[in-house]
Amino acid sequence: MTATAQRHLLLNMTANGSLAKPGKDLFVVRHGEGPYVDDAAGNRYIDGLSGLYCCQIGYSYADEIAEAAQKQLRELCYSPLWSDSAHPTGLALAERLAALAPDGIEHVFFSGGGAEAVETAWKIARRYHTLRGEGGRTKALARRGAYHGLTLGALSFTDDPGLTEPYGPPAVETHFVANTNRTALEQPLDEAAFTEYLLADVEATVLAAGPESIAMLIAEPVQNRGGCITPPEGYWQGLRRLADQYGFLLVADEVITAFGRLGEWFGGECYGARPDIVTVAKGITAGYAPMGATLVSDRVAEVINQPGEVLNHGYTFSGHPLSAAIALRSLDIMQRDRILENVRGHQGHLAERMASLGELPIVGDVRGAGFFYALELVGDLDGGGFSDTARAALVAEMIPRRLREAGLLARVYNRAAPLVQIAPPLISDRALLDRIADIIADTLDEASARL
């Protein structure tokens, strides 16, 4: 299979040429059941990352999902949501999402995934301001270290030179503000002071760029890149105040945090967020089909929907009937089987288990919420950094290998801050969460001994 990949497959976010190195085998997943996946050799693993933050309900609902898919395909395999045309499944899903969404969010634009949803948010924001006579709002705000997708528009809001520089200047002029990572502070601050510091940075950036030039600020309720970075109390309320004061739109990127990851349908609700636009994908279909969506508030929609005005934007497979049918069935399953209640019932225990790992010498910080956690690692140098030798031996090689050998798929970052991250399926019970924590503890204990 490795040879086939070398000849024919370009993997995402991968040094594809390195597959030819001796001893470098392609990891091939062939089967899933419950919260587990099996590789091509028959080895079983806990899927500690829900695929890629997608598989909210694990892998055992295929018969129900297939039934919904078959019914849809027999009725209608394709019809676009284009011009004055729609189809019943797309209409039903839009209505369902509006019912689940935060108050005031009533309109849905479908796409194929998260990056497309973010692109759509940008275009809607631009259209909104232009129709209000503020076409000079051409800039965006995003947070340092953030990731919002790899299409050219979404890449503008992604703060990672390794991802952006190969493709030249950004499509959208974006100014980056402080993220909510407390470990980056030179001196500790209490919650109120930290919130004040963060909002002051946003306001200063707005004033420096020109308030009349800012179209939107985009942020995740819990920032994924950098390791499950949670906000302080009052932060999202402060962003709302600044957005209203200076006239830009507030966009909550919920591609990862929506659909139960934090124990609510939308993660922003955990923090009092009141966005104008919400982007979603991944868990909307529980990983059973590709889909994204941009959810829009009434106050924005009433501007872009003025009679005679055209939203010149669209995707061929926007709201595809098959994906829409799968999303509806997935949401049915989540409500029927009380998946959010499972997260709420076990998130406290997971928080305790993750916090206990902070006692290991190699763990510098533990952060996260719901079923979404990261451990930031510290190394063998003064100040907590890793020497090149330790980073290569431990973060790049030993830790990911040992986790997999112990039967756990987790994410081990070896960029910026070294991290171990988990986002288990939302069906996970206490015993499985304990097993995840135990495997991480054993692995990082061994790594600590090698520092």
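**Salt bridges and overall form of the predicted model**

A salt bridge links Arg144 to Asp201, with 3.9 Å between the closest N and O atoms. Arg144 belongs to the loop between strand S5 (139–143) and helix H6 (152–156), while Asp201 belongs to helix H8 (residues 191–209), so this pair ties together parts that are 57 residues apart in sequence. Arg144 has a relative accessible area of 38% and is therefore partly exposed. The model is a predicted one, and the count of salt bridges in it comes to 28.

A second pair is found within a single helix. Arg240 and Asp244 form a salt bridge in which the closest N and O atoms are 2.9 Å apart. Both residues lie in helix H9 (residues 235–246), four residues apart, which is about one turn of the helix. The two partners can also be described by their accessibility. Arg240, at 4% relative accessibility, counts as buried because its value is under 20%. Asp244, at 46%, counts as partly exposed.

Arg353 is part of helix H12 (residues 339–356) and Asp438 is part of helix H14 (residues 430–450), so the pair ties together parts that are 85 residues apart in sequence. Asp438 is partly exposed, with a relative accessibility of 31%. Salt bridges with shared partners also join Glu397, Arg401, Arg402, Glu405, Glu446 and Arg450 into one network. Of these residues, Arg402 is located in helix H13 (residues 388–405) and is partly exposed at a relative accessible area of 25%. Between Arg402 and Thr195 there are 207 residues of separation in sequence and 38 Å in space, C-alpha to C-alpha.

Charged residues also form a surface patch. Asp103, Glu106, Glu269, Asp298 and Glu302 gather there in a patch of negative charge. Glu269 is placed in the loop between strand S8 (249–253) and strand S9 (277–280). With a relative accessible area of 37%, Glu269 is partly exposed.

As a whole, the protein contains 14 helices and 15 strands. Its radius of gyration is 22 Å, close to the 22 Å given by the globule rule for 451 residues, so the protein is as compact as a globular protein of that length. Along the principal axes, the C-alpha atoms fill a box of roughly 65 × 60 × 45 Å. Of the 451 residues, 53% count as buried.

Terms used:
Residues are numbered from 1 along each chain as its sequence is written. This is a predicted model: local features need pLDDT of at least 70, side-chain atom pairs count only at pLDDT 80 or more; totals for chains, interfaces and linings use all residues. Side-chain values use heavy atoms; hydrogens and water are left out. Patches are made of residues with over 30% relative accessible area and no salt bridge: like charges are joined within 9 Å, nonpolar side chains (Val, Leu, Ile, Met, Phe, Trp, Tyr) within 5 Å. Accessible areas come from the Shrake-Rupley method with a 1.4 Å probe; for residues, only the protein chains shown count as cover. A salt bridge is a side-chain nitrogen of Lys or Arg within 4 Å of a carboxyl oxygen of Asp or Glu. Lys and Arg count as positive and Asp and Glu as negative; His and the chain ends are not counted. The place of a charge is taken as NZ of Lys, CZ of Arg, CG of Asp or CD of Glu. Helices (H or I, at least four residues) and strands (E, at least two) are DSSP runs, numbered from the N terminus. Buried means under 20% relative accessible area, exposed over 50%, partly exposed in between (1.4 Å probe, protein chains only). The radius of gyration is taken over C-alpha atoms; the globule rule is 2.2 Å times the number of residues to the power 0.38.
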